[in-house]
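Dear colleague,

I am handing over the structure below, and after it I describe what was found. Please keep the model open beside this message as you read.

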Amino acid sequence: MAFKILSDFDGVWTDQAIEAECVKLFLAAEAARLAEVPANRALLDFRGYEARVQARPERYGWAPDGRITAYVDEDPFCVANAIASYLSEASEPAAARYREAILAGGFANLTAFADRCFLTATGSYRDQHPPALVPGAARHLAALVDAGAEVVVVSNSPADKIINWFRSAGVDAGEVVGHGLRVRGTAGKQVLGATDRCLELAGRRIHVDRPRYLEVLREERADLVIGDVFSLDLSLPHLVRTEGESFAPRTLVLRGHEHTPRWVREGLIGGPIDHILGGVDELLPLVHALAPTAR
């Protein structure tokens, strides 16, 4: 029987740094345009806003419905939404100018503005840059498959992005069974349910009512889950494992980065997280250790 790996995409199979920087730059540029502020001035302002949210990361992050679904220090892709949260409440005149201009530009709120900037910037990135897959991604994936592992990529990113990036590297990726790599995009890991059920871990309150992701975990029944953002990728698998659910993964793996916060790296390893890896090249030895019968 295959050893099934449920893997996130961005930050596991990709290097996010340049794409995430493009999102931040686009956010500042759009705010500058709407507020009629010189671009260089806006860039300095938004760098300052980023520094402020990173200085208090427990207060800011990606909050689609007002509740933080992932903290700003967990993922560089959360920075734009964290800045939007800051702007929605900041009192200084410059921030108020951006906020008023954005709302006057037809956006229901600052979150909607940040979401639009994110989607536009990442779409533009895909059009203008080569795929940001980690070096040797196709080779490492092939080695896992040869060892008897089935890899399913489950990501909030759209399936076409994931499939096209892998296909550009020669990987037979698709959304249905039968492809060399199966992809489940737009997974909604960030979508929170009606309850405010949370885990208190390492000083953070982490929402774990994530119904769309729960359904994925039930359907896939993976042996191992790997992701780079604990709140999005691993908090719910940790909960269902703790509760003894039959579909819960046995092993939870964090793909660590330089930006991985201390509260995750030092506070959760050996408990909610079983292993921290520096890259997908380290997955194969782990699979051999966990599934000794894998060829």
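Glu50 touches Lys24, Val79 and Ile83, where touching means heavy atoms within 4.5 Å and residues up to four places away in sequence are not counted. Glu50 sits in helix H2, residues 39-55; helices (H or I, at least four residues) and strands (E, at least two) are DSSP runs, numbered from the N terminus. Glu50 counts as buried because its relative accessibility is 19%, and buried means under 20% relative accessible area, exposed over 50%, and partly exposed in between, with a 1.4 Å probe and protein chains only.

Before going on, please note that this is a predicted model, in which local features need pLDDT of at least 70 and side-chain atom pairs count only at pLDDT 80 or more, whereas totals for chains, interfaces and linings use all residues. Residues are numbered from 1 along each chain as its sequence is written, and side-chain values use heavy atoms, with hydrogens and water left out.

Next comes the sheet. Seven strands form an open sheet with parallel pairing, in the order S5-S6-S4-S1-S9-S10-S11, and two strands pair if DSSP finds at least two bridges between them. At the edges are S5 (173-174) and S11 (275-277), each of which pairs on one side only. S4 and S6 pair in the parallel sense over three bridges, and Val153 has Val183 in S6 as its bridge partner.

Which residues have the most contacts inside the largest nonpolar core? They are Ile5, Trp13, Phe166 and Leu181, in a core of 33 residues; such a core is a set of buried Ala, Val, Leu, Ile, Met, Phe, Trp, Tyr and Cys residues joined through side-chain atoms within 4.5 Å. Among the elements that each supply at least two residues of this core are strand S1 (3-7), helix H6 (137-146) and helix H7 (159-168), and H7 gives the most, with five residues. A second, separate core has 31 residues, including Val23, Val37, Val72 and Ala95.

Finally, there is helix H8 (residues 211-220), whose buried residues are Tyr213, Val216, Leu217 and Glu220. These residues lie on the same side of H8 because they cover an arc of only 95° around the axis, the arc being that of the directions from the helix axis to the C-beta atoms. What covers them includes S1, S4, S6, S9 and helix H9 (230-242).

Best wishes
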